[in-house]
2 protein chains.
Amino acid sequence: MDASAFFFKLLAILVSAKVFAEIFAHLRLPSVLGEVIAGIIIGPSILGIIIPDDTLYLLAEIGILLLLFEVGLDTDIGQLVKLGIQSSLVAVTGILAPALLGFWISNHVLNLPVLVSLFIGGTLVATSIGITVRVLVDLRQHQTTTSRIVLGAAVIDDIAGVVILALLYDFAVTGEVGIMNTAQVLGFIVVFLVIAPVLTKLLVPLIHKLYSGRRTKGMIPTIIVSLILLLAIVSHKVGAPEILGSFAAGVALARRFFLPLGSTIEHYSHDLAEKIEENMKPIINLFVPVFFVVVGASINFKVIDFGSVTFWQIAGVLTVVAIISKMVSGIWVKGSFRKKLSIGTAMVPRGEVGLIFAEIGKKSGIFDDLIYAVVVFIVALTTLFAPVLLRFIMKGEE
Amino acid sequence: MDASAFFFKLLAILVSAKVFAEIFAHLRLPSVLGEVIAGIIIGPSILGIIIPDDTLYLLAEIGILLLLFEVGLDTDIGQLVKLGIQSSLVAVTGILAPALLGFWISNHVLNLPVLVSLFIGGTLVATSIGITVRVLVDLRQHQTTTSRIVLGAAVIDDIAGVVILALLYDFAVTGEVGIMNTAQVLGFIVVFLVIAPVLTKLLVPLIHKLYSGRRTKGMIPTIIVSLILLLAIVSHKVGAPEILGSFAAGVALARRFFLPLGSTIEHYSHDLAEKIEENMKPIINLFVPVFFVVVGASINFKVIDFGSVTFWQIAGVLTVVAIISKMVSGIWVKGSFRKKLSIGTAMVPRGEVGLIFAEIGKKSGIFDDLIYAVVVFIVALTTLFAPVLLRFIMKGEE
């Protein structure tokens, strides 16, 4: 292990992310796109300065935990619940449409084997919650009804992605589908999502006490990062994605989170919420781009044989499926066509979750090199173009 | 790679560090000691929750870079240079005494082979700049003359440690001593230490401009961390320890750093210095303890056979040598006996540098298990007891 070589990678990530984020922000495009492109440039696709390794993946994971924590902090959970039915309809459509259409087209039109087709359907389900919420934040649209519906749908979608992946993986290995097991996991996840923020909120007086009586530096960042890690671990234990744990931590510490026994806790909360924001912002802003650069660096365009006709046939068809099947998910939402379209478009990016599906599909032998390349291509395209599209659709929205 | 398992390790590090740091602070002992002890407890010596791996070492390295950056920020380089002669005398004594005494006792009294004795002498040289400066910060003594002399001496000592390690390693492998090469490296290091802060200071207007024109979040932490990494990499390239690079970055951005063309830069500096402190403090305070916990977790008491008489003989003699030979280094300093003693004691902790020597000695086959255990024991003892001793000696100092 050479610390200096690692520092160089980290330097390349931080500097390239900042340069491209600023360029994109000046072009009035979501800066997250600049960060992903920075990753594509310094990653194996072009310069090869960084090849994501365990350490970089783990730093990236911390980045996405912190992003979801920040989004949670800004989330009015009451509003989120109020829009729950619309979010659920968006999520369910955005799960069923790509899964069924992806499977059917792969199997019947492209004549791919059943298991491969199932896995492609699964890959097309998972919206990248990270890309989606960052785009909304970058566009300063994250406090609108549209965004709240998208956020709720993305959370449900993310849970579905993990559950479907587990189901498909089990099916590929054992040939059976564990419905009972799945129902149990879903039960755990729902219980966790309801209980975790409430229990965390009850810790606020304790955090306040620890902070007031501290004799060492860095009490707030240490407590908050520990809390985020703890909830991420518990979330993983109950079978949910880790980022939902950090989202729950953010929701619990948000100013707008009310409890029946609220008033005494609110008293501490306000003061503490300010301290938390002040201390966490630099840490969040430093780490979050690492995640998106690593996502970009995980997309390796070199695996794609752009000269292959078969590649273009399959990739063309499936990319259309991937985009259309998510864009229709906004159909149930009340409001203008532009609003429906915004919500559908926001659900399009597949990002890191699609790449995880691709990796597992490849490692388990279900995806051959061609299909793997197709999936990587779809992930890249949906991740890069949805934010741009969204920027133009959302212009002037609400 | 399981992200959740990694999160658990990180959680254990952050929580244990904070708990023990607070306990030690309440006992009016340096909190850094609590962090090292937390590492010993959760490390392989006792609980075995964390076994330092590449990722943890790299995070720890970031921690020590940040600590030295912070110390640099608080350093009045003018004062440091003014006390340069005294620092140099302390450093040279603190290098020669342990090297010569360590070698002579090992070779002539303990009858160890020449190469082993040379390596023991080398191991006894390297003061842990990390432990030393943290103790001074914890005791709120880091702005005194005593501390400035210690800091200067620790910097020189750290360079000497790296150079001696390289020399000894070359000698062990090739049987030759590259004096010319060493002189060249020393030349590079001196040039780097003089030029780096000046060049960095010249960047201040650029940093100010980037900050003012920013459109994305986190400009300050990104620029500062990038600068720290850059200087650490350059420092490594010229043959110096990486932490000297981050120290140079801190010195350059300190409020009290003056240049001939000073006034225009100072104009930006003041405002920027505040922003830098505000943004970097949470990041520094979060990461620094990771370093000390990893130091503690790198000390594995299980390698020591406490029932062995030979162990106690060698360890007893060499521990006395390790402590006495550094404590005499304060002899040249002007002032009271207590001041001389404070300075000598501050130079006693061997910490991570001693462990690096021990690891290299073991891996290259120069240290057998017994001598390795002795060195680990000496590192542990000097690291744990010097801070406590210093606390009592320094009570009421200046």
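Visitor: How many helices and strands are there in chain A?
Guide: Chain A has 17 helices and 0 strands. Helices (H or I, at least four residues) and strands (E, at least two) are DSSP runs, numbered from the N terminus. Please note that this is a predicted model, in which local features need pLDDT of at least 70, side-chain atom pairs count only at pLDDT 80 or more, and totals for chains, interfaces and linings use all residues. Residues are numbered from 1 along each chain as its sequence is written, while chains are lettered from A and ligands numbered from 1 in the order in which they are written.

Visitor: What radius of gyration does chain A have, and what would a compact globule have?
Guide: The radius of gyration of chain A is 21 Å, which agrees with the value near 21 Å for a compact globule of 398 residues. The radius is taken over C-alpha atoms, and the globule rule is 2.2 Å times the number of residues to the power 0.38. Along its principal axes, the C-alpha trace of chain A spans about 65 × 50 × 50 Å.

Visitor: And how much of chain A is buried?
Guide: Buried residues account for 56% of the 398 residues in chain A. A residue is buried if 20 or more other C-beta atoms lie within 10 Å of its own, exposed if 12 or fewer, and partly exposed in between; the C-beta atoms are placed from the backbone.

Visitor: Which residues of helix H12 of chain A are buried?
Guide: Among them are Glu242(A), Ile243(A), Leu244(A) and Gly245(A). The expected span is 1.5 Å times one less than the number of residues.

Visitor: What about H6 of chain A?
Guide: H6(A) is mostly covered, with 9 of its 12 residues buried. The buried ones include Phe119(A), Ile120(A) and Leu124(A). They pack against helices H5 (84–109), H8 (145–174), H14 (309–327), H16 (351–363) and H17 (369–394) of chain A. The end C-alpha atoms of H6(A) are 17 Å apart, which agrees with the 16 Å that its 12 residues should span.

Visitor: Changing topic: how is chain A related to chain B?
Guide: A rotation of 180 degrees, with 0.0 Å of shift along its axis, superposes chain A on chain B with an RMSD of 0.0 Å. That is the relation of a two-fold axis. The copies are superposed by least squares on the C-alpha atoms of residues with pLDDT of at least 70 in both.

Visitor: Which residue of chain A comes closest to that axis?
Guide: Thr55(A) does, with its C-alpha at 2.6 Å from the rotation axis.

Visitor: Through which surface do the copies meet?
Guide: They meet through the same surface, because 100% of the interface residues of chain A are also interface residues in chain B.

Visitor: Where is Arg28 of chain B, and is it buried or exposed?
Guide: Arg28(B) is in the loop between helix H1 (3–26) and helix H2 (31–42) of chain B. Arg28(B) is exposed, with 11 other C-beta atoms within 10 Å. Its phi is near 60 degrees, a positive value in a residue other than glycine.

Visitor: And Arg140 of chain B?
Guide: Arg140(B) is found in the loop between helix H7 (129–138) and helix H8 (145–174) of chain B. Arg140(B) has a positive phi of about 55 degrees although it is not a glycine, and it counts as exposed, with 10 C-beta neighbours inside 10 Å.

Terms used: Contact = placed C-beta atoms within 7 Å.
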